[in-house]
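I set out to record what can be read from the coordinates of this complex. The entries follow the order in which I looked things up.

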Amino acid sequence: MTTIDDKQDIIQYVPFMSFVHPSFWHSLTDMKLNVDKLNENTKQIYGRYSYRDDIISVLEVDGTSFNKDPETEFHYINVTGTLMNKNTIEDFKNIDKAALINSVGEIMRANIQIKSWIDNPNSLLNFFVLSFADLKKFHYYYWFAFPAPSQPVVCLKEKCKNISTCFNEKQIKEISQSYQLLEISQKCFFAIVKDGDLYNVVTLSKILDKNRNKDEESNIDLTNTFFAFADHSNCENPGWPLRIFLAALFEYCPDLSKTIIKVIGIRCSKNGAINNSQIYNITVPETIQTPQNVGWVGWERNERGNFGPKLANMSSSMDPVKLADTSSDLNIKLMKWRLVPDLDVTIMKETKCLLLGAGTLGCHVARDLLAWGFRHITFIDSGKVSYSNPTRQVLYTYQDCLNGGRRKSEAAADNLKLILPTVQSKGLVFHIPMPGHPIGESLKDETVTNIELLTEAIKDHDVIFLLLDTREARWLPTLISAHYGKITINAALGFDSYLVMRHGISSAQEETSINSTFVSGDQLGCYFCNDVTAPGNSLKDRTLDQQCTVSRAGVAAIAGALAVELLVGTLQHPLRVKAPAVYNLTDEELDPKLQGVLGPIPHSIRGFLHSHQTVLPTCTKFKQCIACSEVVIGKYKEEGLDFLMNVFNSGTYLEDVTGLSELQLTAEMTEILTLSDEDQDTTSI
Amino acid sequence: MRRMNCNTITPEEFVYAARDFIELSNKYFDSWTIHQNDNEILNTYIKKEEFVSHRDENDKIFLYRAEYIIFYNLSYGVPSFSFNLWDCSGKLLTLEQVREISLMKISKEDFYSVVTQQEHPVMYRPYFIIHPCHTAKIVSAFRYTSRNLIITFLGLITPLIQLNLPLEYGL
């Protein structure tokens, strides 16, 4: 039976782990774009490793790796390396990795043979980086290699032991001090020679003769000589540099064959003490020279433990588009982290908004949506940007007005991307058909197409904003969104007043008790519910200045902002489109069920700039509403296009269908009846 | 005494304390370094880098490099602490990952109210910055008794972040 002492352990070298500083990729990118361009020549770079016992076995590269001269740092060894950056991913993948490391190995072997390493020991150590930089995505594929010959295989005579087993405290201290005096290029590999009671730290050139003939004796006094190297390992196995050191030593003096050599792995603590250094007694094998055709090894394993490249996905910190996206998201997240812990951050990102109208209101709404974290915004507008627009319609610039003006919806969508490149914005150009605006034969096909386009657009989105400049243009989208149950936000402007409201959806009308303090969101009235006339042609008999909204400059900004806040409040309510609206919103404490994360959500907001007042009226659906009542939506479902055509062609058709004509006649009567009912109810309570 | 009732420190006081602190750091072999720009006093900062490891629930060990930067916060008139972490490929950790590796001993709720990712006022890149709102009060309370303002300030930070500071600082 063999004892442990007899057992010879093959040395397991501790490999380097490559560790890349983000600035390395910044420098590489800069170099590739501004200096190298398509040039694929290899480049000399520097890496460094530490022999500190509290720093793990890494070889680091950073932005200074590309400098002409390496930066020096305490307890670090600089290593020269070669960077081969390929222009295409195919070249990166297809290059023969074994041949590549062998070709690097051949250069190292030549260096060993000409013995230049004896004067310049740091040059023995080498590393290689193969890389491909995808500079569009900021993805960096890379593979480090630390080349060393696969042979000879060397064994440890015994387990490594601490330096204190051979040296006393005083000697260790002296070695440490004289080691620190070595020149930086000598610190990686050196020797410690015993001279009487003294141990001297000497450079390799002191004990190895560069000009010695190969047949001569090497004359190394093995009993009094310790070979030493800066050891990055923190465990009992020696670090990788020893492998190449031994290969070079054996090549230099073949007469070491079958001897035992003593090697010290220098490991220092942060104050420079080397008390954790290890002594390895190495059995030199019989055949010690590296055969001419031996393979070289040293490709690094990736995070899965395989021999393969690593990927640095730097897009989140280097891609300006990503940076803009995450930085703007941060504003929303800060709200959640600091003030509103229950805020749903993702719902804004996922909600698709359709903006009907890309004028003053549309521009303001779009910007506020962006600010709230919405990332899907589509505009519909048939107009072009004119010279009067940019000062009020905040998405446009003078440039958009030139050459007849760009299409508003398209310019708005493009300009949103200039603000935030990751926004999914789109512009659709078509005219929205209106009631009481008869469709001639020539326009029939186009109108049918436009209705289809509008219907598809509404179906594709979650929220419909009505930001149009006339009352009747809002009719068709109100009807279609109610039919599809979409959240609809409506904003309309007067000269110094505004209305911002949300619509109910098409659902069976419930009788709301008159004692109820709120209206369920789906039962809320639409823009047309308070009207007892159908929209006619409001552009008829008007002067030009009356056709477009003339309003005080701040009104659109206020209304646009309120429209977006109304939407966000609704989305943040667990019931969303069904979020209740309270009749009399006061400062009093409100039932938490009636409010969302951001507070109670009104049905409508009417503001008057003249008196600086705001009121919050709430009303239910009107049974005979010309846009959202069951009878109208029922007819739309049944007759579809024919029904719509009738509406467009006749100013009174809707009033007939809903019974409004009749109602107008009996209006007075109804009012009296309602009042008397209420009186009775109140007295009976 | 000058500025007796003031809660803030001047950039000059910060630079003076930073230089003094670096001498102590060198003495105790802590690896802080000072970075100065003669033309712009506000760009003075001190920095330390170290490796930190994290063991996940499957006992897998992850190694990260941490960079700590203390700079002068002009708006608050106090030192500010900022940091970044990255993995071996150079990819920066997200705020959520930083929280997960429990570099900071702090509850999830408090974490987000104390740490913010923002563009660094000196480095011009995104960093995690510890909010300086409470720093002023405490720094001013110790300003005339403290051996070094930076050390007092680090005393505020160490309950949050494991910095492995040498005991010799006298924290």
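**Entry 1: helices on the sheet of chain A**

Contact here means heavy atoms within 4.5 Å. Axes are lines fitted to C-alpha atoms, for helices over the stretch in contact, and angles run from 0 to 180 degrees between N-to-C directions. Helices (H or I, at least four residues) and strands (E, at least two) are DSSP runs, numbered from the N terminus.

I then noted that helix H17 (residues 555-571) of chain A packs on the sheet and touches S17, S20, S21, strand S22 (497-502) and strand S27 (604-608) of chain A. The direction of H17 makes about 15 degrees with that of S22(A).

I note for all entries that this is a predicted model, in which local features need pLDDT of at least 70 and side-chain atom pairs count only at pLDDT 80 or more, while totals for chains, interfaces and linings use all residues. Residues are numbered from 1 along each chain as its sequence is written, chains are lettered from A and ligands numbered from 1 in the order in which they are written, and side-chain values use heavy atoms, with hydrogens and water left out.

**Entry 2: the sheet itself**

I traced an open sheet of 8 strands in chain A, in the order S19-S18-S17-S20-S21-S22-S27-S28, with mixed pairing; two strands pair if DSSP finds at least two bridges between them. Strand S19 (424-428) and strand S28 (613-615) of chain A each have a single partner strand, so one side of each is left without a neighbour in the sheet.

Within chain A, strand S20 (residues 463-466) and strand S21 (residues 487-493) run parallel and are joined by 4 bridges. A:Phe465 stands opposite A:Ile489 in S21(A).

**Entry 3: the sheet of chain B**

I found 6 strands of chain B in an open sheet, ordered S1-S2-S3-S4-S6-S5, with antiparallel pairing. The twist averages 35 degrees from one strand to the next.

In chain B, strand S2 (residues 45-55) and strand S3 (residues 61-73) are joined by 11 bridges. B:Lys47 stands opposite B:Ile69 in S3(B).

**Entry 4: where the chains meet**

I counted 23 residues from chain B and 29 residues from chain A in the contact. The area buried between chain B and chain A is about 2,100 Å², with 63% given by carbon and sulfur atoms; buried area is the accessible area (1.4 Å probe) that two parts lose on being put together, summed over both. B:Phe29, B:Phe51 and B:Cys88 supply 27% of the area that chain B buries against chain A, more than any other three residues.

The rule finds 1 salt bridge across this interface, a salt bridge being a side-chain nitrogen of Lys or Arg within 4 Å of a carboxyl oxygen of Asp or Glu. A:Glu60 forms a salt bridge with B:Arg65, with the closest N and O atoms 3.4 Å apart. S3(B) gives the most to the side of chain B that touches chain A, with 3 residues.

**Entry 5: backbone exceptions**

I checked the peptide bond from A:Gln151 to A:Pro152, which is cis, with omega near 0 degrees. A:Pro152 is found in the loop between strand S7 (139-149) and strand S8 (155-156) of chain A.
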